[in-house]
Amino acid sequence: MIEVNEEYCKGCNLCILFCPRDALEESETLNKKGVHPPIEIDDRCNGCRLCELICPDFAIVVEEEDKKLTKKQQSKKCCV
Amino acid sequence: MMTDYLEKVKKALGPKKQFIHGDTAVCYGALLAGCNFFGGYPITPASEIAEMMAKLLPKVGGVVIQMEDELAGMASIIGASWTGAKAMTATSGPGFSLMQENIGFAFMSETPVVLANVQRSGPSTGQPTLGAEGDMMQARYGSHGDYQSITLSPNTIQETMEFTIKAFNLAEEYRCPVFVMTSADIGHMREMVTIPEEVETFERKKPKVPPEEYVPFGKGQYGKEKVPEFAPFGTGYKTYVTGLTHNEFGFPATDDQQDHDRLIRRQIEKVTDDREKLTDIEQRDMEDADVALVSYGLASRSALGALSVARERGEKVGYFRLKTIWPFPIKAINEMSKKVDKIIVAEMNTGQIYHKVKEYADCEVVLSSKIGGEVHTPNEILAEV
Amino acid sequence: MKEKKSVNIVSGKKIQEKYLRDEMMPHIFCNGCGLGNVLDYALWAIEKEGLDMDKTVFLSGIGCSSRIPGYIHADALHTTHGRALAFATGVKMANPDLNVIVFTGDGDCMGIGGNHFIHAVRRNLDITVIAVNNYIYGMTGGQVAPTTPEGHFATTSPYGNIEPPFNMSDMAKAAGATYVARWPVFKPHQPINSIREGLQNKGFSFIEMLSPCTTAYGRRNKFRRIEDLWAHYEEKTILAEDHDQIEKFGTQEERKALKDKIKIGVFHRETKKSLEQRYQELLEELK
């Protein structure tokens, strides 16, 4: 769900800090800037887009919701 | 220009023949040229331009705004010009000094604007109500960095009006600020003026290509045509305009020597390539002259007096008046200097254009300088003969 | 289910594709700087308001914040230091159909451009000003700004700033702005809404964004790590409503603690005729 543009990431780690579900962590890879871009931890993201908004470098994009989810689940997600 | 607009302007201006002063003539010229935005700040002796504009422009649907200072005055007209307006401001020496920052911006961003400078004695506050012509170098080198201005210097009220029209046309054609340099005496002197029936106007070139293909500062950058096409804001071309050194797309290229070199040289050459075309000189009795009186603006009126006095005495003196100061008429001065023994440069400063004439003349050049708010007497000029 | 709409309208990807100049990215702002967020929030607000980007002009002066318009795919005028509002006056008056948005900083707006600022506010032009306050001159390397709090360190106040600072939002309100709000960058939704309100408001809208400058400000003021500085902003800020409540009903200690706090929120809303509206009326009268 969380797409990270590794080339844009400057390594501030704000996304990791702000995520209410601790769905992100530093990855092992190094990008051109010499930092470890974040990587998603499976099954934790609820699509709240906080990381996307809080990322100052336009490096994170949260993909549209999974359509397979039931209506109930969707409404739950949206209320976070 | 749209004829109905011209008719509207003519209606607002009133009778065809009028006894007006130089500041009013600037306004008349501006309106006739299609000026529809004036932003300025009051200053003696140019305030009358703002006053007259405030009265006339709204009548023809234009915008007048008195800004908080001259910096803002200059800034507002650049902003207006980028929406496609024909914009101008008017000021005098101290205001001209304040405007230099944004004048530099206008040169860098290639914005067509017109500035009327009703010169007064300086430096600093100087003699606010008295005329001088000490801003000639400031009109050329006032802002930092390298650029080439177009500067016109009228000496009658009729010419002040005509040169203001010309200034707008040149600004549109060359996409740069154009200065009309009058002085307190021209600004406040009244003469009979005839408002022209027809006015020829020039509109800045708009892009013919769709936005995806538009290169805002690029077209002709490498070729013969050096003035880029202008896409006004709000037309979908999405131009990024910056005072930073930019590439042909308008984006900052601040650490590239070649980008800067190419940009600045093109901006200078777009004017200097047409130096001959822009040269405008009035000559009288130059055919057999041994001594040439080189002058411009207000001082040229004294020079004209000196000419008739000298000719009455039988002295072979000629009159050579610069109507376009910048770009400097190098060739005309050089050719003229080969035919005479001596050049007297009469100007109302301590010698600004004198040095420029000396640089290109092949004969003796002397300066007849007058400052303090009074014009030369003919004899003062002739004392140098 | 009602809230679903607000979550679902657009994705960050669409925002990036639609509004950013791809060739300019990634942007030049430092690691941990909030300017990228300000840009992001402005774009979200613009998207939600549905502004026509062909009819929107962005202006800016000089400084870090003034580089923002360069990343937006729209007409933009990157002007001289402090003068953006004077240029904006020309743009808006000459073509009132354009949406005019100005990005400025604390030095640009309150320092060198202070006079232009109060006069643009006084005129009540219909423009939206997003002023990024980072308490420092960032682009020139961290000199003391008119907004630097007392006692804080900068390269030109190496022993601590002895001058009292300006409060930008108070200044805007006092000069007559019709919409004034202040938000820190760590709250995304409030500034987006405020910028939207600003765009809707037919008058001078002023949105002050508290944005951390990690490079020039943070490291000289004991916030060496990005998260420390961002956390500091979180600790220091208090909602204006809460502030007022504590002032009225709080204990003495609570009230004492307020002294160090920065109020955030929407401070002022008002309806006044804008300058270009008045000018159009004048033109009608003269016809």
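Two strands count as paired here if DSSP finds at least two bridges between them. The model toured below is predicted.

**Stop 1**

Select β10 of chain B together with the strands of chain C. Nine strands form an open sheet with mixed pairing, in the order β10(B)-β2(C)-β1(C)-β3(C)-β4(C)-β8(C)-β7(C)-β10(C)-β9(C). The edges are β10 of chain B and β9 (237-239) of chain C, each of which pairs on one side only. Direction ignored, neighbouring strands of this sheet are turned by 20 degrees against each other on average.

Strand β10(B), residues 240-242, runs parallel to β2(C) and is joined to it by three bridges.

β9(C) pairs with β10(C), residues 262-269, in the parallel sense over three bridges. Here C:Thr237 has C:Ile262 of β10(C) as its bridge partner. As background, strands of a sheet pair through backbone hydrogen bonds, either parallel or antiparallel.

**Stop 1: the contact between chains B and C**

Now show chains B and C whole. Of the two pairs of chains that touch, B and C have the most contacts. On this interface, 32 residues of chain C are in contact with 36 residues of chain B. On the chain C side, β2 (75-78), α4 (84-94), α6 (114-123) and α12 (275-286) each supply at least two residues. The largest share comes from α4(C), with eight residues. By class, this side of chain C has 16 nonpolar, eleven polar and five charged residues.

**Stop 2**

Chains A and B do not touch, and their nearest C-alpha atoms are 19 Å apart.

**Stop 3: two domains in chain B**

Colour chain B by its domain assignment, which gives domain 1 (3-194) and domain 2 (281-382). The C-alpha centres of domain 1 and domain 2 of chain B lie 26 Å apart. Between these two domains of chain B, 22 residues of domain 1 are in contact with 21 residues of domain 2.

On the domain 1 side, select β6 (127-131), α6 (136-141), β7 (150-152), β8 (178-183) and α8 (184-188) of chain B; each supplies at least two residues to the contact with domain 2. The largest share of that side, four residues, comes from α6(B). The residues of the domain 1 side divide into nine nonpolar, ten polar and three charged.

**Stop 4: strand β12 of chain B**

Select β12(B). Five of its five residues are buried, so the strand is largely enclosed by the rest of the structure. B:Val291, B:Leu293 and B:Ser295 point one way from β12(B), while B:Ala292 and B:Val294 point the other way. β12(B) runs parallel to β13(B), and five bridges join the two. One pair to display is B:Ser295, which stands opposite B:Arg321 of β13(B).

**Stop 5: helix α12 of chain B**

Move to α12(B), residues 330-337, where B:Ile333, B:Met336 and B:Ser337 are buried. Look down the axis of α12(B): its buried residues fall within an arc of 100 degrees, so they line one face of the helix. B:Lys331 and B:Glu335, on the other side of α12(B), are exposed. The cover over the buried residues of α12(B) includes β12 (291-295), β13 (317-322), β15 (342-347) and α13 (353-360) of chain B.

**Stop 6: B:Lys342**

Which strand holds B:Lys342? B:Lys342 is in β15 of chain B. B:Lys342 is partly exposed, with 18 other C-beta atoms within 10 Å; a residue counts as buried at 20 or more. Not counting residues up to four places away in sequence, B:Lys342 touches B:Val291, B:Cys363, B:Glu364 and B:Val366. To end, draw a distance from B:Lys342 to B:Asp290: the two are 52 residues apart in sequence and 6.7 Å apart in space, C-alpha to C-alpha.

Notes. Residues numbered from 1 in each chain as written. Chains lettered and ligands numbered in written order. Predicted model: local features only at pLDDT ≥ 70, side-chain atom pairs only at ≥ 80, totals over all residues. Contact = placed C-beta atoms within 7 Å. Nonpolar A, V, L, I, M, F, W, Y, C, P; charged D, E, K, R; others polar. Domains from an automatic or database assignment. Axes fitted to C-alpha atoms, helices over the stretch in contact; angles between N-to-C directions. Buried ≥ 20, exposed ≤ 12 C-beta atoms within 10 Å, placed from the backbone. Arc of directions from axis to C-beta.
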